[in-house]
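Entries follow in the order I took them.

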Amino acid sequence: MKKRVVLAYSGGLDTSVIVRWLTDRGYEVITYTADVGQGEELTEIPEKAKASGAVEAIVDDIKEEFAREYCLPLMRAGALYEGKYPLISALSRPLIAKKLVEIAHKVGADFVAHGSTGKGNDQVRFEASVWALDPDIEVLAPVREWEFKSRDEEIEYAQKCGIPVVATKEKPYSYDRNLWGVAIEAGPLEDPYIEPPEDAFVLTVSPEKAPDEPEYVEIEFKEGTPVSLNGKSYTEIWKLIWDLNEIAGRHGFGRIDMVENRLVGIKSREVYESPAGLLLIKAYDEIESLVLDRFTYHYKQSHIKHPYAEVVYEALWFTPLREALDAFNNKISPLVTGTVRFKLYKGSAQVVGRKSPNSLYIEDLATYSPKDTFDHKAGAAFTKVWSLPLKVMGRVRKKGGNR
């Protein structure tokens, strides 16, 4: 009896070659393709997978689950890895791993497989997530073991075996796309000093070719969830994210070019597009700046955002730590009701307005107009009390102390 393996299958070069490679080694391959908003027609996936040697091909539409249970928690956390990366690929991996385990249990497979490389982050995310859910499943990673030394060799092998692939030597980019954005690698992007060619981008137009007139977009939140764009209401979160990607992308907003510190210890030049992700994270923070008290807002800025980004990046989704951080964010999310207004123009997204029925902003206290009701005399007493520790230290220094 052949060994059964469930393969996370994108239909791209690596996973298409993996199907044949595993089949040649005596495995019965069942492919699993998650529709997390790649923007591709997936109806041909089963035929393509079977043409590569799969015995069964499963395509699963999980866009709304991905949007609600993964994208929104990340948005509420305001998480950006190293202050830049909105965790596009890292965010989808635990969900896909969860589905791989579920299908492996259903079809009686003892193995799951992925197409990650030995120096990539995703190998850790897939495997750590799988083992967190079922430590007895064995994970296969053919790309870490096989004989191919380059994508060109894989392309030649695929062409020789009649495996249908889209990658060519002329356009060698590797894409990983979902609702939250696109990760783009390979080819000329591997030189961190070379400007990314325009043909590498898929969600955003060049800022130079963006419309000459700005466009305004209003994002409305209700209790921590985005519910409308420019007055248009949404019941499905994935559609709102999809439309926001289109709106911001046509103005060239959402490009990220960074040198990233990978889990395995190397630095890697990464190019991303995340128009909706970056806008939603910024918009959510703008509402929080209105509705949260200073202590809670500052605590989140310093103790939640960065740790949450590291949790997602470092494959710790299925841990009590992530659940605890979510509990903090979920506690304050009911306050996040309101609207943020952006001005999109030539690659930028400037916040030009924000409002909330839960706002702690009181104009009569903040104004410098005749409507000012702030007790300025009380400010003197406050300043004296606040400055007392500094005043004491100043006296010690004046006397020649060591402080």
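The model is predicted. I began with alanine 8, which sits in strand β1. Beyond residues up to four places away in sequence, I found alanine 8 touching Thr15, Tyr32, Ile96, Leu100, Ala113 and Phe126.

Next I took glycine 11, in the loop between β1 and α1 (13-23). Glycine 11 also counts as buried, with 5% relative accessibility. I set aside neighbours within four places in sequence and noted contacts of glycine 11 with Ser16, Ile45 and Lys48.

I then checked the record. The unreviewed UniProt entry annotates a "binding site" that includes Ala8, Gly11, Thr15, Ser16, Ala34 and Gly115.

I turned to helix α5, residues 122-133. Its 12 residues reach 17 Å from first C-alpha to last, close to the expected 16 Å. I listed the buried residues of α5, among them Arg125, Phe126, Glu127 and Val130. The buried residues of α5 pack against β1, α4 (88-107), β4 (111-113), β5 (138-140) and α10 (305-313).

Last, I looked at the nonpolar cores. The largest has 81 residues, of which Leu87 and Trp180 touch the most other members. Helix α4 gives the most to this core, 11 residues. Domain 1 (4-61 + 88-161) and domain 2 (180-355) both contribute residues, so this core lies between them. I noted another core apart from it, of 26 residues, including Tyr9, Leu13, Val29 and Ala49.

Methods
Residues numbered from 1 in each chain as written. Predicted model: local features only at pLDDT ≥ 70, side-chain atom pairs only at ≥ 80, totals over all residues. Heavy atoms only, no water. Helix = DSSP H or I, 4+ residues; strand = E, 2+ residues; numbered from the N terminus. Expected span 1.5 Å × (residues − 1). Buried < 20%, exposed > 50% of the residue type's maximum accessible area, 1.4 Å probe, protein only. Contact = heavy atoms within 4.5 Å. Core = buried A, V, L, I, M, F, W, Y, C linked by side-chain atoms within 4.5 Å. Domains from an automatic or database assignment. UniProt positions renumbered as here; feature names shortened; annotations may be inferred.
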